[in-house]
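This report describes a single protein chain, moving from particular residues to the overall fold. The sequence and the model are shown first.

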Amino acid sequence: MDPALIALFAGAALASLFMAWVIGAGSSGATPFAPAVGANAITTMRAAFLVGIFGFAGAVTQGGNVSEAVGSGLVGGISLPIAGVILVLVLGAGLMAVGITTGYPIATAFTVTGAVIGVGLALGGTPAWSKYQQIAAVWVLTPFVGGGVAFTIASLLPRPDVPERYSVPVLAGLVGAVLVNVRFGFLGEGSTSGTVRGLGQRALAADGLASAVGITGLAALAVAVVVWWDVSRDERGGLRRVLLALGALVAFSAGGSQVGLAVGPLLPLLDEVEAVSTFAVLVGGGLGMLVGSWTGAPRMIKSLARDYSSLGPRRSISALVPSFLIAQLAVLLGVPVSFNEIVVSAIIGSGAAVGGREAVDARKIILTVGAWAGSFGLSFALAYAAGFLLLN
């Protein structure tokens with residue numbers, strides 16, 4: 001194999017690791033357990049440790065879809081050269097690092113997506129309009145869906161006519177029903193991905209819609225019964241354990257959705273460097289995020305936890321349920337999505353349910369949305385200019 005090719009790939013891999021570290025140290029490493037820290041359910045350092053572990057697991061078992069979309073689904077007609085991949089990763093990670101150090105809310109998904117499209121179009125690629133429409137729909141709908149679901153849940157949890165020993169188990173059952181239908185890289189037949197529900201169907205030798213609905217319903221019921229028993233015997237402790245479980249699931253989902261932003265640009269290069277597998281790249285990205293979570297996330301967790309402390313465990317649960325659902329939908333569709341956008345929207349919805357319109361800072365929301373749009377626009381413009389000037 002050409003030594004120059006190996007050296008270039010090593011450079012791209014280092015840039016990818018840096019991007020993975022930045023992601024782990026940023027919002028995807030901080031937001032999953034920030035509600036639990038804010039509710040005094042877990043310490044900051046333990047939260048950083050757990051988010052790293054669960055994020056790594058999600059990256060390895062669920063990272064393929066988004067990685068493939070970022071690597072080859074955003075621009076048609078070309079495959080980014082190694083120099084283009086390095087440019088994308090350095091630009092994206094650099095902008096994210098600037099955001100972390102300055103406090104400017106630069107969104108990872110918007111930044112990396114803009115950089116990949118910018119470089120790809122500068123090199124003569126064709127726009128993938130159908131994928132752009134799908135991505136735009138998810139990005140635009142996320143604040144409304146996430147905030148709306150969080151508002152609804154947060155409005156129901158404190159109601160005296162809906163006791164928490166019933167409402168929280170119902171929410172947990174819904175999460176359990178989704179979880180058994182989530183695709184994991186190691187549960188399919190052969191090298192394909194599969195679901196817990198599919199595994200159950202194969203074990204029972206039962207196919208079809210009826211068995212799928214039955215297994216999903218039984219899983220939801222089992223989770224709901226366990227949570228009902230736990231909350232009924234110890235309401236405070238039960239809510240704490242539900243909050244920690246949701247934090248773990250959101251951390252897992254963050255790993256599955258965010259690792260593609262770091263390693264996706266590397267995947268087209270694997271045809272030239274055959275000794276490296278997709279699984280190895282996902283493991284590398286997951287390890288980078290894990291180290292980022294352990295070393296960089298604690299400070300951001302402390303900062304975000306202050307925002308959650310006023311919500312308490314019930315409102316924090318309201319924010320984490322839609323965060324998990326939206327993240328898993330993005331993984332299923334292979335759409336790069338901003339965890340910052342998901343969680344901020346859910347926080348706003350929960351806060352509005354608690355304090356009404358007075359709890360929503362319209363100016364701050366406008367500035368945040370502007371920052372998200374600006375992240376994409378700035379990244380696209382810089383990437384297009386750099387790609388046109390340096391790589392043509």
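## Contacts of selected residues and overall architecture

Setting aside residues up to four places away in sequence, Gly 52 is in contact with Leu 290, Ser 293 and Trp 294. The coordinates under discussion belong to a predicted model. Gly 52 is part of helix H4, which covers residues 44–62. With a relative accessibility of 1%, Gly 52 falls under the 20% cut-off and therefore counts as buried.

Ala 20 belongs to helix H1, residues 3–25. Its relative accessible area is 0%, so Ala 20 is buried. Beyond residues up to four places away in sequence, Ala 20 touches Ala 262, Gly 285, Gly 288 and Met 289. The C-alpha atoms of Ala 20 and Ala 262 are 5.2 Å apart, although 242 residues separate the two along the chain.

Val 273 sits in a loop, the one between helix H12 (235–263) and helix H13 (278–309). Val 273 and Phe 9 are 264 residues apart in sequence, and their C-alpha atoms are 7.9 Å apart in space.

| Pair | Separation in sequence | C-alpha to C-alpha distance |
|---|---|---|
| Ala 20 and Ala 262 | 242 residues | 5.2 Å |
| Val 273 and Phe 9 | 264 residues | 7.9 Å |

Among contacts in the protein with a separation of 6 or more, 83% are accounted for by residues 24 or more positions apart.

Helix H7 comprises 15 residues, 108–122. From its first C-alpha to its last, H7 reaches 21 Å, close to the 21 Å expected at 1.5 Å a residue. How many residues of H7 are buried? The number is 14 of the 15, so H7 is largely enclosed by the rest of the structure. Thr 113 is found in this helix, and its relative accessible area of 2% makes it buried. Not counting residues up to four places away in sequence, Thr 113 touches Leu 74, Trp 139, Pro 336 and Phe 376. Just after H7, Gly 124 takes a positive phi of about 100°.

Helix H14 runs over residues 312–333 and has 22 residues. H14 is mostly covered, with 16 of its 22 residues buried. Gly 334 follows H14 and also has a positive phi, near 70°.

A positive phi is found at Ala 205 as well, with a value of about 55°, although Ala 205 is not a glycine. Ala 205 is located in the loop between helix H10 (196–204) and helix H11 (209–233). Where does Ala 205 stand in terms of burial, buried or exposed? Its relative accessible area is 72%, so Ala 205 is exposed.

The remaining description concerns the chain as a whole. The secondary structure of the protein consists of 16 helices and two strands. A compact globule of 392 residues would have a radius of gyration near 21 Å; the protein has 21 Å, which agrees with that expectation. Along the principal axes, the C-alpha trace spans about 65 × 55 × 35 Å. Of the 392 residues, 53% count as buried. The protein exposes about 16,900 Å², and carbon and sulfur atoms supply 68% of that area. As for charge, there are 19 positive and 16 negative side chains, and the centres of these two sets lie 12 Å apart.

Technical notes: Residues are numbered from 1 along each chain as its sequence is written. This is a predicted model: local features need pLDDT of at least 70, side-chain atom pairs count only at pLDDT 80 or more; totals for chains, interfaces and linings use all residues. Side-chain values use heavy atoms; hydrogens and water are left out. Helices (H or I, at least four residues) and strands (E, at least two) are DSSP runs, numbered from the N terminus. The radius of gyration is taken over C-alpha atoms; the globule rule is 2.2 Å times the number of residues to the power 0.38. Buried means under 20% relative accessible area, exposed over 50%, partly exposed in between (1.4 Å probe, protein chains only). Contact means heavy atoms within 4.5 Å. Accessible areas come from the Shrake-Rupley method with a 1.4 Å probe; for residues, only the protein chains shown count as cover. Lys and Arg count as positive and Asp and Glu as negative; His and the chain ends are not counted. The place of a charge is taken as NZ of Lys, CZ of Arg, CG of Asp or CD of Glu. The expected span of a helix is 1.5 Å times one less than its number of residues.
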